[in-house]
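Q: I would like to learn how to read a protein model. Can we take it one feature at a time?

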Amino acid sequence: MLINTKNKTITLFLIFLFVINYSYGQMDKIFWFVAPKITLDNCVGPECPSGEPMYLNIGTVDFESDIVVDMPATGDTLAVLTIPGQSGATIDLTPFRALIESTNPGKFSNGIRVTSTTL
């Protein structure tokens, strides 16, 4: 019985290593994002953040990257920054909440575009 449990543990560990080795996050040079309207139906209780603060976390892989966060439909540029390779940055979008948050279900004219010079 002990050997059987040990074999199962080793097998599960090897499967876990295989899956980790072949797992990837989203990697691209352009992303689109729309923030949904937070309502009481989405969040209830004293811990409910009511949609604030609103952050965008961006990370780079190997190379420095120039990042532009904009809203093409409105012509607004929300952020322009350079992030070193193997690093990350957090952009506070809370001041732009009225522009970003989708208030009309099914219609998303306020999408955020995030572009990068490298992966």
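Q: How many bridges join strand β4 to β5, and do they run parallel or antiparallel?
A: Start with the general idea. Strands of a sheet pair through backbone hydrogen bonds, either parallel or antiparallel. Now the case here, in a predicted model. Strand β4 covers residues 65-71 and is joined to β5 by seven bridges. The two strands run antiparallel.

Q: What do β4 and β5 form together, and how many residues lie between them?
A: They form a hairpin, with four residues between the strands. Look at glycine 75 in the turn: its phi is positive, about 80°.

Q: Where else can I see a positive phi, in a residue other than glycine?
A: General idea again. Most residues other than glycine have a negative phi. Now look at glutamine 86, where phi is near 50°. Glutamine 86 sits in the loop between β5 and β6. Its relative accessible area is 65%, so glutamine 86 counts as exposed.

Q: In what order do the strands of the open sheet stand?
A: The order is β1-β8-β4-β5, four strands with antiparallel pairing. β1 (30-33) and β5 (76-83) are the edge strands. Each has a single partner strand, so one side of each lacks a neighbour in the sheet. From one strand to the next, the twist averages 15°.

Q: How many salt bridges does the structure hold?
A: It holds one. The side chains of arginine 113 and aspartate 70 meet there, at 2.7 Å from N to O. This pair links distant parts of the chain, 43 residues apart. Arginine 113 belongs to strand β8 (residues 112-116), and aspartate 70 to strand β4.

Q: Is aspartate 70 buried or exposed?
A: Compare its relative accessibility with the cut-off: under 20% is buried. Aspartate 70 has 10%, so it counts as buried. Arginine 113 has a relative accessible area of 25%, so arginine 113 is partly exposed.

Q: Which residues does aspartate 92 contact, leaving aside its neighbours within four places in sequence?
A: Aspartate 92 is in contact with Met54 and Tyr55. First find aspartate 92 in strand β6, residues 88-92. Then check leucine 56. It is 36 residues from aspartate 92 in sequence, yet 6.6 Å away in space, C-alpha to C-alpha. Aspartate 92 has 38% relative accessibility, so it is partly exposed.

Q: Which residues make the nonpolar surface patch?
A: Ile10, Phe13, Leu14 and Phe16 make it, over about 420 Å². Phenylalanine 16 lies in helix α1, which spans residues 2-21.

Q: What share of the 119 residues is buried?
A: Buried residues make up 24%. The chain exposes about 8800 Å², and carbon and sulfur atoms supply 61% of that area.

Q: What share of the contacts with a separation of 6 or more comes from residues 24 or more positions apart?
A: Such residues account for 67% of these contacts in the protein chain.

How values were computed: Residues are numbered from 1 along each chain as its sequence is written. This is a predicted model: local features need pLDDT of at least 70, side-chain atom pairs count only at pLDDT 80 or more; totals for chains, interfaces and linings use all residues. Side-chain values use heavy atoms; hydrogens and water are left out. Patches are made of residues with over 30% relative accessible area and no salt bridge: like charges are joined within 9 Å, nonpolar side chains (Val, Leu, Ile, Met, Phe, Trp, Tyr) within 5 Å. Accessible areas come from the Shrake-Rupley method with a 1.4 Å probe; for residues, only the protein chains shown count as cover. A salt bridge is a side-chain nitrogen of Lys or Arg within 4 Å of a carboxyl oxygen of Asp or Glu. Buried means under 20% relative accessible area, exposed over 50%, partly exposed in between (1.4 Å probe, protein chains only). Contact means heavy atoms within 4.5 Å. Two strands pair if DSSP finds at least two bridges between them. Axes are lines fitted to C-alpha atoms, for helices over the stretch in contact, and angles run from 0 to 180 degrees between N-to-C directions.
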